[in-house]
Amino acid sequence: MRVLCFGTYERLFPRNTTLSAGLRLAGAEVEECHEPLWELTRDKTGSSFTSPLAMIRTGLRVLRAYWRLLRRHRHTDYDVMVVGYMGYLDMLLAAPLARLRRRPLVYSPVVSLYETVVTDREMFSGRSLRGRLAWHLDRLALRLARLIVLETSTYVEFFSGEFGIPSERFVTVRLGADESLFTPRPPAAREGPFRVFFYGKFTPLQGVPVIVRAAAEVQRLNPSIRFEIVGSGQLTDEVQRLSGELGLSNTEFIPWVAYE
């Protein structure tokens, strides 16, 4: 089976890489029709991403990327098309292309755009024009897919209930890990103090303030345990302020580093 990963998805996003790796392990031939776009901006919050001028610039980059994808798609041959994260807009282009080839379209959204920008990051009000557009874009992208891949049954229930998509259109596939980067080691191979590690973009969904409060509790009970928190993003200032208020001495904050 030939699988075409299509769109402007974040190529190194863990869900996208593990899904492709899993397909290859299952015997599929995986090819890409990809244009880099969203991975060019790591922190997608604040005025640098949501201001009117920034949104116009993003729109122009999207149009340029889609023109290139259209040209590349003409030279592809596949049995099924897969659109990964962040593929909310990609689905509007992928669906007619897959239909023209009479090929099934699989969608792996990871998270809801509406839930991310309205409920989680609180970038827009749910009643605002941009909030309503996010909801309708979510719903349209889901309706265009033959099959929708999510990580948990709880999230299937949310997507199905929120956007009115039949539950039989979903399948759950666990997240997994990139085994080229993460491999288990025997306990004897571990050196130094016991460490608790976090790596991420400091979005509300990831709950870094909760980790910081947990570090304070652990510091009181067992100060030898160390916390390493790597990354930056929307909650960086709040996390740093909370760390100072709690007097953490068992936690090291490290700026963003490459995933590898």
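Visitor: Where do Arg220 and Glu217 lie, and how many residues apart?
Guide: Both residues belong to helix α8, with three residues' separation, about one turn of the helix. Helices (H or I, at least four residues) and strands (E, at least two) are DSSP runs, numbered from the N terminus. This is a predicted model, in which local features need pLDDT of at least 70, side-chain atom pairs count only at pLDDT 80 or more, and totals for chains, interfaces and linings use all residues. Residues are numbered from 1 along each chain as its sequence is written, and side-chain values use heavy atoms, without hydrogens and water.

Visitor: What does Arg220 form with Glu217?
Guide: The two form a salt bridge, with 3.0 Å between the closest N and O atoms. The term stands for a side-chain nitrogen of Lys or Arg within 4 Å of a carboxyl oxygen of Asp or Glu.

Visitor: Is Arg220 buried or exposed?
Guide: Arg220 counts as exposed because its relative accessibility is 60%. Glu217 has a relative accessible area of 43% and is therefore partly exposed. The classes are buried (under 20% relative accessible area), exposed (over 50%) and partly exposed (in between), with a 1.4 Å probe and protein chains only.

Visitor: How many salt bridges does the structure hold?
Guide: There are eight salt bridges in the structure. One of them joins the side chains of Glu228 and Arg195, at 3.3 Å from N to O. Glu228 sits in strand β8 (residues 226–231) and Arg195 in strand β7 (residues 195–200), so this pair ties together parts 33 residues apart in sequence.

Visitor: And is Glu228 buried or exposed?
Guide: Glu228 is buried, at 18% relative accessible area, whereas Arg195 is partly exposed, at 46%.

Visitor: What about Arg2, which residues are linked with it in a network of salt bridges?
Guide: The network links Arg2 with Asp77 and Asp79.

Visitor: Changing topic: which are the buried residues of helix α9?
Guide: In α9 (residues 236–246) they are Val239, Leu242 and Ser243. They lie on the same side of α9 because their arc around the axis is only 105 degrees, an arc taken from the directions from the helix axis to the C-beta atoms.

Visitor: What covers the buried residues of α9?
Guide: The cover includes α8 (208–221) and β9 (251–254), where contact means heavy atoms within 4.5 Å.

Visitor: And which exposed residues does the face turned away carry?
Guide: The face of α9 opposite its buried side carries the exposed residues Asp237, Gly244 and Glu245. After the helix comes Gly247, with a positive phi near 65 degrees.

Visitor: Finally, the chain as a whole: what does its secondary structure come to?
Guide: The chain has nine helices and nine strands. Its C-alpha trace spans about 60 × 45 × 35 Å along the principal axes. Of the 260 residues in the chain, 43% are buried. Among contacts between residues at least 6 apart in sequence, 72% join residues at least 24 apart.
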